[in-house]
Amino acid sequence: MDRIRIIGGNELKGVIPISGAKNAALPLMIASLMTSDTLTLENVPHLADVEQLIRILGNHGVDISVNGRRERQDEGYSRTVHFTCRTIVDTTAPYELVSKMRASFWVIGPLLAREGHARVSLPGGCAIGTRPVDLFIEGLTALGATMEIDGGYINATAPKGGLIGARYTFPKVSVGATHVMLMAGALARGTTVIGNAAREPEVVDLANCLNAMGAKISGAGTSTITIEGVTSLSGARHRVLPDRIETGTYAMAVAMTGGDVTLEGTDAALLETALEAIRRSGAEITSTPTGIRVVRNGGVIKPVDIVTDPFPGFPTDLQAQFMALMTRSSGVSHITETIFENRFMHVQELARLGAKISLNGQTAKIEGVQRLRGAPVMATDLRASVSLVIAGLAAEGETMVSRVYHLDRGFERLEEKLNRCGAVVERVSD
Ligand code: EPZ
């Protein structure tokens with residue numbers, strides 16, 4: 001199993017190219033199940049989760065080629081991938097595949113909308129919380145589907161003649177359930193109005209892509225989304241939006257180590273709340289014509305309190321990284337996690353580096369320390385593991401992060417991007 005060795009202490013200086021967003025690419029790829037034409041996605045990141053979804057989509061009948069060639073290959077930071085699903089050959093998403101990645105549960109929307117039925121394994125819990133699927137069941141039921149749980153699977157069946165547009169208001173904001181309602185509503189008969197919809201940029205990206213495919217969706221990015229159902233969708237070409245979580249992660253790394261880095265190919269508007277928190281900690285952040293520049297030249301890291309919230313609030317996917325930054329602040333800060341009930345597993349690992357953090361329910365109290373010291377630490381989930389990398393960059397000596405397969409799910413060429421900026425990070429294979 002690979003590990004990542006970091007020798008901390010260097011400032012970061014240079015340019016980091018930001019990849020396409022994992023959490024936008026996954027639902028966009030799933031949307032390829034909705035048409036028999038080719039959906040071409042540009043700026044697709046090369047990540048373990050993307051490769052896993054490629055396998056899952058292949059099981060349903062999607063033919064995939066990268067930059068026009070049938071074999072997959074490494075195409076640098078930006079890949080163009082073509083997805084073609086002439087016919088859906090299997091409407092079952094089996095446990096072995098869905099259990100590896102929760103987002104694969106979302107195929108339930110397109111399968112149901114296009115074929116009228118789907119049998120999809122329940123995803124089960126995961127390290128960061130129980131993550132139920134009640135909102136998917138309620139939403140699709142509102143569109144006329146019959147949803148039955150049988151042997152760990154959901155059997156979903158649309159009425160004869162297909163799903164029927166309806167009004168449905170989510171009792172809680174869910175990114176995934178909003179994605180699924182967009183895809184299901186796009187091919188339903190009549191109008192669907194989704195209330196309390198997720199406003200994340202990835203939802204807007206999916207709506208834009210579906211509209212390019214012929215859907216009639218308005219209001220994405222607000223909490224009320226209206227969908228006029230159409231009978232079929234066609235192919236389209238769409239560029240995956242930049243990864244706001246990768247952007248925020250590297251911005252926090254620079255805020256922690258000090259230095260001057262330009263994050264290329266991203267957009268500050270995707271993560272204003274997080275950037276504001278980083279600014280308040282003492283870093284300077286400015287927009288450039290093609291990205292964002294983050295500078296911290298000396299000075300203390302100031303303590304900043306944050307609370308995670310659905311967009312446009314502070315993203316839960318940056319909570320662990322911000323906690324790493326706060327471990328070196330000049331005072332006491334508080335971080336409250338409101339989205340997932342078990343997303344503090346990085347706390348014990350940060351403590352191994354010398355951080356002082358105490359937990360009280362969903363709030364962490366972080367007392368800044370003068371220095372962190374390198375240590376062996378273990379990655380527990382994707383964002384928690386990158387928080388350990390950031391902390392390792394700012395720690396004295398060697399930090400060895402094990403279980404880096406978590407990192408490979410969501411950070412493209414992490415070592416290469418950091419080393420280009422003066423960090424000392426290397427992958428060690430056992
Ligand atoms: C997406 O997960 C992201 N994943 C997550 O990123 C992200 O943390 C999360 O949104 C919140 O922003 C992808 O886009 C692939 P939710 P999702 O449904 O859609 C509860 C990462 O590190 N809920 O918005 O699964 C749920 O338990 C990942 O890249 C229900 O109660 O998240 C949670 O408390 C981790 N019932 C809250 O809603 C349901 O039926 C928000 O979850 C569905 C969700």
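1. A residue is buried when its relative accessible area is under 20%, exposed when over 50%, and partly exposed in between (1.4 Å probe, protein chains only). Helices here are DSSP runs (H or I, at least four residues), numbered from the N terminus. In helix H4, the buried residues are Ile108, Gly109, Pro110, Leu111, Leu112 and Ala113. That is six of the eight residues in 108–115, so H4 is mostly covered. Just after H4 comes Gly116, with a positive phi of about 85°.

2. A word on the source. This is a predicted model: local features need pLDDT of at least 70, side-chain atom pairs need 80 or more, and totals for chains, interfaces and linings use all residues. Residues are numbered from 1 along each chain as its sequence is written, and side-chain values use heavy atoms, without hydrogens and water.

3. Now the domains. The bounds come from an automatic or database domain assignment. It gives domain 1 (2–18 + 242–429) and domain 2 (22–239). Their centres, taken over C-alpha atoms, are 30 Å apart. The contact (heavy atoms within 4.5 Å) takes 26 residues from domain 1 and 20 residues from domain 2.

4. Buried area is the accessible area (1.4 Å probe) that two parts lose on being put together, summed over both. Between domain 1 and domain 2 it is about 2000 Å². Carbon and sulfur atoms give 50% of that. Phe311, Arg409 and Glu412 supply 30% of the area that domain 1 buries against domain 2.

5. Two salt bridges are counted between the domains. The rule asks for a side-chain nitrogen of Lys or Arg within 4 Å of a carboxyl oxygen of Asp or Glu. Asp49 forms a salt bridge with Arg409, with the closest N and O atoms 2.8 Å apart.

Conventions
Helices (H or I, at least four residues) and strands (E, at least two) are DSSP runs, numbered from the N terminus.
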